[in-house]
Amino acid sequence: MTIGVHRTVANCPRHLSRPEFALTPPVRLCVGLGGRFFSRAIFVRRGAHRAAEAGVLYTRRVSDEVQVRPASADDVPQVAALAAALVRMHHETDPDRFLIVDDLEAGYGRFLSGEIRRTGAVVLVAGRGPHVSGYAYGTLDGRDWKVLLDVHGTIQDIFVAEAERGRGIGRALLGETIAALTTLGAPRLVLSTMAGNVAAQRLFRAAGFRPTLLEMTR
């Protein structure tokens with residue numbers, strides 16, 4: 001998982017930049033666990049959050065041009081290309097830890113085509129009109145004894161195209177994915193980041209999360 005955006009634009013949604021952004025009723029937000037990545041750091045925070053009251057925000061303006069919205073079938077080819085870039089970035093960083101396969105775009109296209117229609121999955125895109133600048137993918141998951149984790153939402157991916165970074169898009173995708181999974185009923189949320197992805201970790205900490213678990217690979 002990676003986020004290449006760590007700067008908030010002036011007209012970014014206020015609820016994404018408020019320091020008190022959190023959840024109500026009290027639940028845990030854990031950022032950094034996922035089972036797929038080289039390093040996992042879980043961040044936890046308690047507080048008050050109103051997304052469940054308002055429902056999923058189907059369109060969230062990031063700037064005068066960029067909006068966050070649910071992905072459609074028309075978006076799948078662009079999202080699949082971004083997902084493939086995410087996989088390649090991880091593999092290039094540590095090929096002994098992160099696998100890679102042929103036809104990544106085609107595989108992700110088939111997978112995401114099903115996920116955008118599945119209850120319990122959240123696929124969001126950010127962009128200008130039909131152009132997709134970044135995406136987020138999350139799931140509502142059951143109890144997992146392997147990692148001692150009860151029912152939870154998992155933020156599987158957040159990725160912003162390199163040319164679009166630094167505009168608040170990653171922050172907006174993160175906030176909307178948290179809101180969507182919480183509205184689906186997730187009592188806690190988890191996600192993963194590579195050990196060297198300082199920008200992503202900075203973003204999570206700025207949202208009030210703390211690391212609670214680290215994966216090590218040999």
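Reply: Gladly! The accessible surface of the chain comes to about 10600 Å², and carbon and sulfur atoms account for 53% of that. Please keep in mind that this is a predicted model.

Me: How much of the chain counts as buried?

Reply: Of its 218 residues, 50% count as buried. The chain has six helices and seven strands, which run along the sequence as α-β-α-β-β-α-α-β-β-β-α-β-α.

Me: Why is threonine 139 called buried?

Reply: Buried means under 20% relative accessible area. Threonine 139 has 4% relative accessibility, so threonine 139 counts as buried. You will find this residue in strand β5, which spans residues 131-141.

Me: And what makes alanine 163 exposed?

Reply: The cut-off for exposed is over 50%. The relative accessible area of alanine 163 is 63%, so the label is exposed. Alanine 163 sits in the loop between β6 (152-160) and α5 (169-183). Its C-alpha atom is separated by 8.4 Å from that of serine 133, 30 residues apart along the chain.

Me: Back to threonine 139: what makes its link to the side chain of aspartate 141 a polar contact?

Reply: A polar contact needs a pair of N or O atoms within 3.5 Å, one able to donate a hydrogen and the other to accept it. The side chains of threonine 139 and aspartate 141 make such a contact at 2.9 Å. A polar contact of 3.1 Å also joins the side chain of threonine 139 to that of glutamine 156.

Me: Which residues is threonine 139 in contact with, leaving aside its neighbours within four places in sequence?

Reply: They include Glu115, Arg118, His152, Thr154, Gln156 and Leu181. For the chain, 70% of contacts between residues at least 6 apart in sequence join residues at least 24 apart.

Me: Which residues touch the most other members of the largest nonpolar core?

Reply: Val68, Ile155, Ile169, Leu173 and Leu174 do, in a core of 25 residues. Elements giving two or more residues to this core are β4 (121-128), β6, α5, β7 (188-191) and α6 (198-206). The most comes from α5, with seven residues. A second, separate core has 18 residues, including Ala71, Leu82, Val87 and Tyr135.

Definitions and conventions: Residues numbered from 1 in each chain as written. Predicted model: local features only at pLDDT ≥ 70, side-chain atom pairs only at ≥ 80, totals over all residues. Heavy atoms only, no water. Helix = DSSP H or I, 4+ residues; strand = E, 2+ residues; numbered from the N terminus. Buried < 20%, exposed > 50% of the residue type's maximum accessible area, 1.4 Å probe, protein only. Contact = heavy atoms within 4.5 Å. Areas by Shrake-Rupley, 256 points an atom, 1.4 Å probe, with all protein chains shown as cover. Core = buried A, V, L, I, M, F, W, Y, C linked by side-chain atoms within 4.5 Å.
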